[in-house]
Amino acid sequence: MIQGMLTIALTFYGISICISVIRIIIGPSLPDRIVALDMVGVTLVSSIAIISVMLTTTAFLEVILILAILAFISTIAFSKYIERGVILEYRRDD
Amino acid sequence: MNIDATIEFIAALFMLAGSIMALISAIGIIRLPDVFTRSHAGTKSSTLAVLLTLLGAFIYFASNQGFYSVRLLLGIAFVFLTAPVAGHLITRAAYRANVKMADTTVEDELKEVTDKVKEEAEKERSETGEVIIEDEKKADKEHSE
């Protein structure tokens with residue numbers, strides 16, 4: 001019963017990742033693609049949680065944190081790139 | 001059906017609800033007309049999906065193995081804090097990059113304000129007659145943010 005529910009949930013997550021990939025491919029502008037990429041990252045986080053429940057192991061729980069941080073940082077970097085054209089700024093405030 | 005099985009069933013129900021929420025947000029991301037509405041679907045509802053799923057995993061591990069995972073709670077807190085911030089930043093960048101809005105957009109209040117500020121800056125510059133080189137202009141813009 002519980003295994004079946006988890007399998008259905010994992011299938012739904014796979015379908016939503018596929019739809020996001022379609023948006024990444026056809027997205028007319030760069031921000032569209034980045035919103036979809038961010039969503040793929042967040043969806044991967046939750047599917048890894050489900051996989052670790054299915055295998056009843058706690059070994060994958062670090063991956064959740066790392067993936068969440070990576071998705072956040074990459075979205076920030078992309079939005080800075082869209083806004084200014086550079087990712088790292090060397091100009092000082094003074 | 002003893003109490004442990006019930007709690008595990010509730011945890012699996014949480015995870016199923018989260019996956020349905022992710023599916024709804026994926027439908028939103030493919031159907032909605034422009035990047036602003038799409039970011040609405042892609043950040044808000046998928047944040048809720050991740051919260052429900054991680055909460056379900058936390059409950060499952062707590063009941064099945066007696067393991068209260070701090071990492072899952074940290075993941076919940078982190079996603080809850082960062083996903084709206086990332087959505088806001090990417091929407092702001094899209095607005096600054098003049099991404100076209102949908103044809104059904106009724107109102108753009110920010111455009112009026114930015115037009116006014118730009119106009120005032122133009123007037124001031126033409127009054128004082130000063131010549132601003134490109135680099136300083138950029139620095140001014142960054143300060144005013």
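Trainee: What makes residues of chain A and chain B count as being in contact, and how many residues of each chain are involved?

Mentor: The model is predicted. Two residues are in contact if their C-beta atoms lie within 7 Å; by that criterion, 42 residues of chain A are in contact with 45 residues of chain B. On the side of chain A that touches chain B, helix 1 (2-26), helix 2 (30-54) and helix 3 (61-84) of chain A each give two or more residues. Helix 2 of chain A gives the most, with 15 residues.

Trainee: How do the residues on that side of chain A divide into nonpolar, polar and charged?

Mentor: They comprise 27 nonpolar, 10 polar and five charged residues. Gly counts as polar here.

Trainee: Which residues of chain B does UniProt list as "transmembrane region", and what is the helix content over residues 6-30 of chain B?

Mentor: The unreviewed UniProt entry lists residues 6-30, 42-62 and 68-91 of chain B. Such annotations may be inferred rather than shown by experiment. In the model, residues 6-30 of chain B are 100% helix and 0% strand, with the end C-alpha atoms 36 Å apart. Residues 42-62 of chain B are likewise 100% helix and 0% strand, and their end C-alpha atoms are 30 Å apart. Chain B has five helices and zero strands.

Trainee: What makes a residue of chain B buried, and what percentage of the chain is buried?

Mentor: A residue is buried if 20 or more other C-beta atoms lie within 10 Å of its own. Of the 145 residues in chain B, 32% are buried.

Definitions and conventions:
Residues are numbered from 1 along each chain as its sequence is written. Chains are lettered from A and ligands numbered from 1 in the order in which they are written. This is a predicted model: local features need pLDDT of at least 70, side-chain atom pairs count only at pLDDT 80 or more; totals for chains, interfaces and linings use all residues. Helices (H or I, at least four residues) and strands (E, at least two) are DSSP runs, numbered from the N terminus. A residue is buried if 20 or more other C-beta atoms lie within 10 Å of its own, exposed if 12 or fewer, and partly exposed in between; C-beta atoms are placed from the backbone.
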